[in-house]
Amino acid sequence: MKKISISPPVAAVLLAVILFIFSGFLPNSFGTNTQVAISQAVNIIRLSVFLGIIAAGQTLVIISGGEGIDLSAGAVVTLSAILTWTIVLGKDERVLPALVVVLLVGALVGLINGAGIIFLKISPFVMTLGMSGVITGLVIIVNHGNAPGRLAPIMTRVIARPLFLGIPGAIIIYVFFAALMWIILERSTFGKNLFAIGVNRVTAKLSGVNVTRMVLATYALAGALAAFGGFMVVGNTQVVFLNLGAPFLFPSIAAVAVGGTLLSGGKGSYFGSMAGALVLILISSVLTTMQMIDAVRQMVLGATLLIIISIYGRQRGFRQ
Amino acid sequence: MTTSLSAQNIVKRYGGVVALSDGNLDVHSGEVLALIGANGSGKSTLTKVINGVVVLDGGQLLLDDKPINFDSPQAAKRMGIGTVFQELSLVPKMTVAENIWLAREPLRSGIFVDAKEIKTRTKNLLHLFEGTYRAAMHSDVPVSTLPPDELQIVEILKAISFNPNIIILDEATASLDNRQVQRLFDLVRQWKADGKAIIFVSHRMEEIFRIADRYTVLRNGKTVDSGDMKDITEKELVNRMVGKDTVYSLSRTDHQEKGEGPKPVRLAVENLQTRVLKGVGLAVHEGELLGLGGLKGQGQRDLLLALFGDIPYEGKVTVNGKEVNFPHPKNAIRESIALVPGDRSREGLLSIRSILENLMLPSWTNYGFPLRMRRSYEDGNRVASDLNLVMRNLSDPVNSLSGGNAQKVIIGKWLLKKPKILLLDDPTKGVDVGTKGEFYRLLQQLCSEGTSIIFHSSDDEELIGLCDRILVMFEGKIRAELAGANITKAKLVAASMGASEESLA
């Protein structure tokens with residue numbers, strides 16, 4: 001008997017579509033009005049962009065194995081948003097320099113994470129959790145949470161508003177970003193070596209892969225990607241506050257898991273994480289439409305995660 | 001009290017492989033029986049049947065003339081059979097005392113572990129080896145901090161802590177120094193006097209003659225001879241282990257007849273030292289297939305890993321006349337060196353990744369950016385068909401392949417790099433006969449194309465059939481070099497056991 005097998009990213013996309021159609025039948029929703037439905041869909045996708053970008057770095061470190069995880073992603077998002085805010089000061093010509101600075105700062109934070117993990121043999125969980133605390137503390141000490149600054153008009157125009165044929169700029173950036181991530185993971189030596197160290201670091205080393213350098217590079221890249229996420233988030237929210245990044249942390253891990261990336265490393269895709277981000281945003285939007293209280297939303301989100309991941313676990317069990 | 005153990009016509013199969021077809025031995029109170037055999041003769045299987053680690057498929061074990069059956073090492077222990085295991089059975093994070101009394105801690109009121117009692121008893125046991133270990137070793141240190149010889153002592157004490165009547169020493173002396181061996185042998189004599197029966201397995205010929213009263217020789221899974229040690233010489237014993245020098249016509253195409261002068265040296269090693277290696281020197285010529293023999297764990301693995309840059313070493317290594325010291329395997333790969341490691345799944349494969357990615361892992365940098373996937377598929381398919389790889393598709397996961405085919409993938413990934421020096425760590429282990437034949441042809445073809453190969457194998461026949469020259473390793477050193485007419489199984493086995501010079505002559 002031929003087993004029907006659906007890959008996790010496809011399953012996540014299907015789930016998102018079903019959820020979306022279901023949400024249409026809720027009271028006060030779009031119902032049969034296609035025009036409203038489309039704009040609602042675009043809006044949901046736009047909202048998933050920010051979580052999706054923050055989940056990109058998370059995807060890389062989780063694929064790299066060795067219990068890889070980046071718990072500093074939320075703090076880096078906040079740090080990067082505040083840096084962008086204070087550097088740009090409302091001037092368009094300062095946007096690019098600000099982007100370069102935040103990417104470098106993010107990469108540096110990631111590099112320190114990687115160094116602690118590979119040289120001091122601190123577990124990624126502890127190392128990145130500690131780093132998260134350090135960054136959050138730094139941000140508080142430096143600006144007490146009220147940073148003087150302002151966004152540049154161009155950021156608002158490109159990130160938060162429709163840019164081309166009514167499509168929000170954020171989505172257009174997301175498409176290019178996804179293509180870049182695909183090339184990094186699937187069409188570069190770095191990506192191939194990343195999967196290799198995720199599966200088996202002894203084999204990787206004995207095949208000439210410099211595991212130390214790969215781990216450093218992966219965490220540095222993950223830090224830079226989280227910083228890019230912070231840059232995008234501030235472009236959307238147009239304000240900064242101390243708790244800006246933290247709510248993205250656990251959803252970014254959940255998105256990777258829902259997207260079918262093995263939490264033990266060595267297997268996964270960025271498309272999966274994008275689909276995962278979409279599912280998470282949709283669930284929370286449906287629950288909001290249904291006017292659920294926050295506690296119920298948390299419960300439903302948690303339960304959905306458990307169900308989805310246990311289904312993936314069963315599939316793997318069948319295959320082996 | 002007296003005791004006796006008898007194993008009669010023991011049969012043990014692992015899957016389709018018969019490890020033991022007719023294993024026999026008898027051991028009685030007050031004697032030491034040496035159990036002797038070459039690689040793969042079945043001696044470790046026979047000890048495992050006796051101590052309950054594996055369950056026999058046929059035959060009978062008799063203890064004091066009564067048939068016994070057990071299905072676990074614990075059951076064997078309850079019958080008074082204690083084993084000092086070759087692969088140590090200690091828990092690294094637990095202390096010496098905890099390890100010795102694991103799962104049978106002395107109890108107070110039947111509930112609480114009696115810590116004081118444990119300490120006293122451990123002290124008494126340690127007293128047996130008093131003076132041969134460091135002062136830093138006592139009952140409360142975790143065993144992970146101990147050097148190999150002290151670990152071995154703890155393992156020995158653990159085995160005798162429940163006062164067994166029959167003691168199996170499986171390579172128990174391998175990591176002990178002379179003083180410690182001497183102490184162990186004093187203890188063995190004491191045990192003999194107490195009426196215990198001892199089975200002694202060792203790869204050191206000298207020790208066998210020093211301590212054993214009788215011997216039993218296994219060959220190809222059968223007991224072929226038993227007798228008193230005083231009636232036999234070292235040379236005769238080796239002959240028993242080898243049997244008639246099997247006329248072995250693998251595919252030996254009489255390499256000697258090529259008649260060309262000596263080829264230049266491609267890889268030279270002088271006084272190589274690691275934790276395991278005690279000064280190894282060798283030279284491999286262009287197009288040479290150099291065999292690396294000896295019993296398991298005599299430093300073959302360390303030698304290959306050191307040459308490949310995976311473990312640090314002291315000593316001088318030259319490749320094509322240039323001195324090198326590779327800090328990382330990637331530097332060795334750059335010098336066209338390749339390694340097929342000994343543990344296929346742990347060191348050679350990326351289990352859940354595709355066959356293609358396994359083949360391409362060291363080569364991706366040759367495919368540009370973005371990677372030219374079509375070309376990588378073409379190259380992968382070419383190597384797969386060269387190696388006659390049985391698979392459906394290059395994108396299938398590598399763990400869908402059989403053992404022999406998975407090994408072909410590991411070799412294939414290096415063929416793509418066209419290595420000048422190929423290091424092989426027991427590559428035919430667990431590979432079917434047909435695939436072995438293909439390997440032999442491949443190795444000979446590579447040599448004729450000028451590749452230099454160092455080929456370690458635990459299969460003596462394979463070495464004898466394939467190699468022009470064999471280095472035999474014994475305890476971290478090269479014990480003997482066999483070449484031309486000197487390549488006989490008897491000499492290989494004698495050198496593997498560290499036999500004295502005259503039995504090698």
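Arg392(B) is exposed, with a relative accessible area of 75%; here exposed means over 50% relative accessible area, buried under 20%, and partly exposed in between (1.4 Å probe, protein chains only). Its partner in a salt bridge is Asp396(B), at 4.0 Å from N to O, and Asp396(B) is buried at 16%. This is a predicted model, in which local features need pLDDT of at least 70 and side-chain atom pairs count only at pLDDT 80 or more, while totals for chains, interfaces and linings use all residues. Residues are numbered from 1 along each chain as its sequence is written, chains are lettered from A and ligands numbered from 1 in the order in which they are written, and side-chain values use heavy atoms, with hydrogens and water left out.

**Salt bridges within chain B**

- Over all chains, the search finds 24 salt bridges, a salt bridge being a side-chain nitrogen of Lys or Arg within 4 Å of a carboxyl oxygen of Asp or Glu.
- One of them joins Arg240(B) to Asp225(B), with 2.5 Å from N to O.
- This pair links distant parts of the chain, 15 residues apart: Arg240(B) belongs to helix α8 (residues 234-242) of chain B and Asp225(B) to strand β12 (residues 222-228) of chain B. Helices (H or I, at least four residues) and strands (E, at least two) are DSSP runs, numbered from the N terminus.
- Arg240(B) is partly exposed, at 31% relative accessible area, whereas Asp225(B) counts as buried at 18%.
- Another salt bridge is formed by Glu286(B) and Arg266(B), at 3.8 Å from N to O.
- Glu286(B) lies in the loop between β14 (278-285) and β15 (289-293) of chain B, and Arg266(B) in strand β13 (residues 265-273) of chain B, so the pair ties together parts that are 20 residues apart in sequence.
- Glu286(B) is partly exposed, with a relative accessible area of 29%, while Arg266(B) is buried at 7%.

**The interface of chain A and chain B**

- Contact, defined as heavy atoms within 4.5 Å, involves 26 residues of chain A and 29 residues of chain B.
- The area buried between the two chains is about 2,200 Å², and carbon and sulfur atoms give 64% of it. Buried area is the accessible area (1.4 Å probe) that two parts lose on being put together, summed over both.
- On the side of chain A, Arg187(A), Lys192(A) and Leu206(A) lose the most area to chain B, together 29% of what that side buries.
- Two salt bridges are found across this interface.
- Glu357(B) forms a salt bridge with Lys192(A), their closest N and O atoms being 3.2 Å apart.
- Lys192(A), Arg353(B) and Glu357(B) are joined into one network by salt bridges that share partners.
- There are 12 residue pairs in polar contact between chain A and chain B (both at pLDDT 80 or more). A polar contact is a pair of N or O atoms within 3.5 Å; within protein, one must be able to donate a hydrogen and the other to accept it, and residues adjacent in sequence count only if both atoms are side-chain atoms.
- The elements giving two or more residues to the side of chain A that touches chain B are α7, α8 (189-199), α9 (201-206) and α10 of chain A.
- With six residues, α8(A) gives the most to that side.

**Charges over rings**

- Arg353(B) lies over the face of Phe195(A), at 3.9 Å from the ring centre. A charge sits over a ring if NZ of Lys or CZ of Arg is within 6 Å of the ring centre and within 35 degrees of the ring normal.
- Arg121(B) is placed over the face of Trp101(B), at 5.3 Å from the ring centre.

**Aromatic pairs**

- The structure holds six aromatic pairs over all chains. Rings of Phe, Tyr and Trp (its six-membered ring) pair if their centres lie within 6.5 Å; planes under 30 degrees apart count as stacked, over 60 as edge-to-face and the rest as tilted.
- Phe177(A) and Phe228(A) form a stacked pair, with 5.6 Å centre to centre and 20° between the planes.
- Both Phe177(A) and Phe228(A) are buried.
- Phe177(A), Phe228(A), Phe231(A) and Tyr270(A) form one aromatic cluster.

**The surroundings of Thr83(B)**

- Thr83(B) lies in strand β6 (residues 81-84) of chain B and is buried, at 9% relative accessible area.
- The side chains of Thr83(B) and Asn51(B) are joined by a polar contact of 3.2 Å.
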